[in-house]
Amino acid sequence: MRKVLVIGIGPGHPDYVTVQAINALNRADVFFIPDKGAEKEALARLRLDICERYVTDRDYRLAVFRTPERESDVGDYKTNVRDWHARIEASYETLFAEELGDDECGAFLVFGDPTLYDSTLRIVEAIRAKGKLAFDYEVIPGISSVQVLAARHRVPLNRIGEAVHITTGRKLREEFPGNADSVVVMLDGEQSFKTIEDGGIDIYWGAYVGTPDEILLSGRLPDVAGDIEAIRAAARRDKGWIMDTYLLRKSGEK
């Protein structure tokens, strides 16, 4: 039976690839490499670098595919995303049928951890549930950018007796989780921290965490928000893309 591996490869630096992930890489006959355009060519290069560095036990081939683009946010957000995922699902079905032999193993290399704000598992499971193409799949966890962010800033994600709330920039703009002591924000292209009026909040921000291009900044939110916005804009302009996340926390002891 066909086998699909969904491998978490960490936030980008090869040193964050786990031993389990390396073993999984060496099981794959074909790697599915998304093409997201010239601006994000560096992301494809990072995936290829990891293959070249760690795959030692077998020959492999690459199946490069164009990723369907998501429509701009118009109308209902969830409907918009479901439509986008349906187009990706159709693309994956074609990929599995054309690139994966009956007894072969294919692999997606997912940045961070596949279970945290990534849709690959959801889409692969939807294809398997249809039953049109027989295959099984396995998930290999990875080190998330959230973990690396906290490690690089040398702060624990939670404080004693307190919870951690993980959300997106879109949800943060809708409502700040006022009962949360620590809030991790991902997928924020709008710098939603600018909407927070509470001056007693610290921010620990990082872009390209764990890579040679890493940028870190922290401090009282009102003091550093403008700097983060300017640095982020410049980095995105220079590289054509950015991956960042941040931790918000009520000011006080760590």
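Hi everyone. Let me start with one term: a residue is called buried when its relative accessible area is under 20%. Please also keep in mind that this is a predicted model.

With that cut-off in hand, look at Phe135. Its relative accessible area is 5%, so Phe135 counts as buried. Phe96 is buried too, because its relative accessibility is 1%.

Now, how many aromatic pairs are there in this model? The count comes to eleven. In one of them, the rings of Phe96 and Phe135 have centres 5.3 Å apart and planes at 65°, so this pair is edge-to-face. Phe96 belongs to helix α3 and Phe135 to strand β5, which covers residues 135-140, so the pair ties together parts that lie 39 residues apart in sequence.

Is Arg87 buried or partly exposed? With a relative accessible area of 33%, Arg87 is partly exposed. Leaving aside residues up to four places away in sequence, Arg87 touches Pro68, Glu69, Arg70 and Glu71. Thr115, on the other hand, is 28 residues from Arg87 in sequence and 21 Å from it in space, going from C-alpha to C-alpha.

Rings meet charges here as well. The charged end of Arg170 sits over the ring of Tyr77, 3.6 Å from the ring centre. Likewise, Lys239 lies over the face of Tyr208, and there the distance to the ring centre is 5.3 Å.

Next, helix α5, residues 145-153. Which of its residues are buried? They are Ser145, Val146, Val148, Leu149, Ala150 and His153. And what covers them? The cover includes four strands: β7 (182-186), β8 (201-207), β9 (215-220) and β10 (244-250). Just past the end of α5 comes Arg154, which takes a positive phi of about 60°.

Last stop, the surface. Tyr117, Val164, Ile166 and Leu187 form a nonpolar patch there, and together they have about 340 Å² of accessible area. Ile166 is part of strand β6, which runs over residues 164-168. Since its relative accessible area is 34%, Ile166 counts as partly exposed.

Notes. Residues are numbered from 1 along each chain as its sequence is written. This is a predicted model: local features need pLDDT of at least 70, side-chain atom pairs count only at pLDDT 80 or more; totals for chains, interfaces and linings use all residues. Side-chain values use heavy atoms; hydrogens and water are left out. Patches are made of residues with over 30% relative accessible area and no salt bridge: like charges are joined within 9 Å, nonpolar side chains (Val, Leu, Ile, Met, Phe, Trp, Tyr) within 5 Å. Accessible areas come from the Shrake-Rupley method with a 1.4 Å probe; for residues, only the protein chains shown count as cover. A salt bridge is a side-chain nitrogen of Lys or Arg within 4 Å of a carboxyl oxygen of Asp or Glu. Helices (H or I, at least four residues) and strands (E, at least two) are DSSP runs, numbered from the N terminus. Buried means under 20% relative accessible area, exposed over 50%, partly exposed in between (1.4 Å probe, protein chains only). Contact means heavy atoms within 4.5 Å. Rings of Phe, Tyr and Trp (its six-membered ring) pair if their centres lie within 6.5 Å; planes under 30 degrees apart count as stacked, over 60 as edge-to-face and the rest as tilted. A charge sits over a ring if NZ of Lys or CZ of Arg is within 6 Å of the ring centre and within 35 degrees of the ring normal.
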